[in-house]
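Here's a quick walk through one chain, written for someone who likes to have angles and contacts at hand. Have the viewer open and follow along.

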Amino acid sequence: TLIFDGEKIPVTNTKKENELIIHFTEKIPANPGVKVIARVDVEKRKKTEVHHSATHLLHAALRKVLGNHVQQKGSLVNEEYLRFDFSHFSKVSNEEINRIESLINEKIRTDIPVNIREMPKEKAMALGAMALFGEKYGDKVRVVTMDESYSIELCGGTHVGRTGELGFFKIIGETAVGAGLRRIEALSGKAAEDFIQKEFDLLRVVRETLRNPKDLDKAIENLSAENSELKKQLEKAETIYLDSLVKDLSKEAEAIGEISFIGKQVEVKNANALKKLCFDLVHHFKGSAVVLLAAVIDQKPFIALGIDEELVKRKNLDASSIIKNEIASLIKGGGGGQKTLATAGGQDASKLSDVFEKMKSLLQQL
């Protein structure tokens with residue numbers, strides 16, 4: 001925050017131009033000629049320092065664990081977390097992530113002094129300082145060192161005084177962001193502590209839900225196997241139920257000319273089951289069926305319209321067109337599909353009886 005004679009103006013961004021630090025604000029002060037107080041948010045700055053210094057430790061650890069081909073390709077540090085993009089040809093394995101974290105946390109526990117010096121660029125390069133690819137540097141550079149045998153980088157940012165101030169380091173994500181480009185997201189300091197606490201809280205809930213098993217991995221494995229078996233049994237039961245519905249509904253077909261029409265509201269658990277039931281009923285009649293089924297699922301109406309392929313050709317019918325132009329609007333919805341099978345979803349389940357009457361009226365006009 002910049003304070004001009006009591007007027008507080010937040011700084012939204014800073015950039016370096018021609019060796020000057022430019023402060024960006026949303027407005028110009030009323031009296032820019034007075035003495036200015038520049039006030040830093042100490043808590044926010046401290047958390048940002050932690051993540052910035054952690055980024056240097058991460059960069060060095062990546063090169064030691066993955067290889068010297070690793071180069072920084074992008075970075076973001078703030079008070080909440082750090083993000084680091086780097087060149088690498090494959091996904092970083094869990095074992096490699098563990099090694100990277102272990103190396104960084106070892107450097108944190110060692111409590112290494114963070115040495116910041118300004119020196120000629122040539123001297124910095126001779127020391128083995130890492131420079132960012134594509135970055136322009138002047139004759140004099142700022143060198144940040146965390147153990148000369150571990151991390152020496154050219155950097156103009158804010159840092160902690162000793163690595164012990166980072167407390168703890170934890171990687172929370174590793175993803176691909178392009179060909180040969182990976183991204184790591186990580187936490188350090190209080191943010192890492194809070195993350196670990198949330199993970200342990202979640203683990204405690206899982207343990208309590210599973211009645212505190214001695215072997216949690218085995219308990220979860222058994223639960224997953226049991227869930228898979230129950231799903232198979234449920235699918236089998238649903239198949240038997242739908243088969244029985246096909247038999248029962250086929251007995252209620254109504255003859256409209258040469259067409260066998262079935263228009264019914266049924267109970268199914270999802271729209272896919274409704275669609276399958278409609279498809280099976282159409283094929284049960286082989287050549288003459290028009291089937292319109294409706295169901296209320298999660299308090300919303302769903303409709304499936306099936307027309308036998310031969311009937312589509314003989315009568316020039318189109319289930320998709322009928323759904324879109326004649327049916328869907330009755331339930332305040334929309335839909336579509338193919339000539340032989342189309343579906344719709346809507347908002348008003350009170351008009352389902354009108355849907356069946358509308359379809360019967362259309363068939364009677366053929």
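Predicted model: local features only at pLDDT ≥ 70, side-chain atom pairs only at ≥ 80, totals over all residues.

Let's start with α1, which runs over residues 42-66. This helix has 25 residues and spans 35 Å from its first C-alpha to its last, close to the 36 Å expected at 1.5 Å a residue. Most of α1 is covered, with 18 of its 25 residues buried. Just past the helix, Gly-67 has a positive phi of about 130°.

Helix α4 covers residues 190-209, 20 residues in total. Its end-to-end C-alpha distance is 29 Å, close to the 28 Å expected at 1.5 Å a residue. Here too a positive phi turns up just after the helix: Arg-211 sits at about 65°.

## Helix packing

| Pair | Angle between axes | Distance between axes |
|---|---|---|
| α1 and α2 | about 130° | 9 Å |
| α5 and α6 | about 50° | 10 Å |
| α8 and α9 | about 120° | 11 Å |

Take α8 (residues 319-327) and α9 (residues 352-364), which pack at an angle of about 120°. That angle makes α8 oblique to α9. The crossing of α8 and α9 is right-handed. From α8, Ile-322, Glu-326 and Ile-327 do the touching, and they meet Val-355, Lys-358, Met-359 and Leu-362 of α9. Sorted by class, the contact of α8 with α9 has 5 nonpolar residues, no polar ones and 2 charged.

Next up are α5 (residues 216-250) and α6 (residues 271-285), at about 50° to each other. With that angle, α5 and α6 are therefore oblique, and their crossing is right-handed. On the α5 side you'll find Leu-242, Leu-245, Val-246, Leu-249 and Ser-250. Facing them from α6 are Ala-273, Lys-276, Leu-277, Asp-280, Leu-281, His-284 and Phe-285. The contact of α5 with α6 counts 8 nonpolar, 2 polar and 2 charged residues.

Back to α1, which packs against α2 at an angle of about 130°. So α1 and α2 are oblique to each other as well, and α1 passes α2 in a right-handed crossing. The α1 side of this contact consists of Leu-57, Leu-58, Ala-61, Leu-62, Lys-64, Val-65 and Leu-66. The α2 side brings Glu-96, Arg-99, Ile-100, Leu-103, Ile-104, Lys-107 and Ile-108. By class, the contact of α1 with α2 splits into 10 nonpolar, no polar and 4 charged residues.

## Two buried residues

Now zoom in on Leu-58, a residue of α1. Is Leu-58 buried or exposed? Its relative accessibility is 0%, so Leu-58 counts as buried, the cut-off being under 20%. Setting aside residues up to four places away in sequence, Leu-58 touches Leu-82, Phe-84, Ile-100, Ile-104, Phe-169 and Ile-184. Thr-145 lies 87 residues from Leu-58 in sequence, and their C-alpha atoms are 13 Å apart.

One of those partners, Phe-169, belongs to strand β11 (residues 169-178). Phe-169 is buried because its relative accessible area is 0%. Beyond its neighbours within four places in sequence, Phe-169 is in contact with Ala-54, Leu-58, Leu-82, Glu-101, Ile-104, Asn-105, Ile-108, Ala-186, Leu-187 and Ser-188.

## Positive phi in loops

Most residues other than glycine have a negative phi.

Which loop holds Asp-111? Asp-111 is in the one between α2 (94-110) and β8 (115-120). Its phi is near 55°, a positive value in a residue other than glycine. With 29% relative accessibility, Asp-111 counts as partly exposed.

Gln-299 is placed in the loop between β15 (289-297) and β16 (300-307). This residue is not a glycine, yet its phi is positive at about 70°. Its relative accessibility is 74%, so Gln-299 counts as exposed.

Definitions and conventions: Residues numbered from 1 in each chain as written. Heavy atoms only, no water. Helix = DSSP H or I, 4+ residues; strand = E, 2+ residues; numbered from the N terminus. Expected span 1.5 Å × (residues − 1). Buried < 20%, exposed > 50% of the residue type's maximum accessible area, 1.4 Å probe, protein only. Axes fitted to C-alpha atoms, helices over the stretch in contact; angles between N-to-C directions. Parallel < 35°, antiparallel > 145°, perpendicular 65-115°, else oblique. Left-handed = near helix turned anticlockwise from the far one by under 90°. Contact = heavy atoms within 4.5 Å. Nonpolar A, V, L, I, M, F, W, Y, C, P; charged D, E, K, R; others polar.
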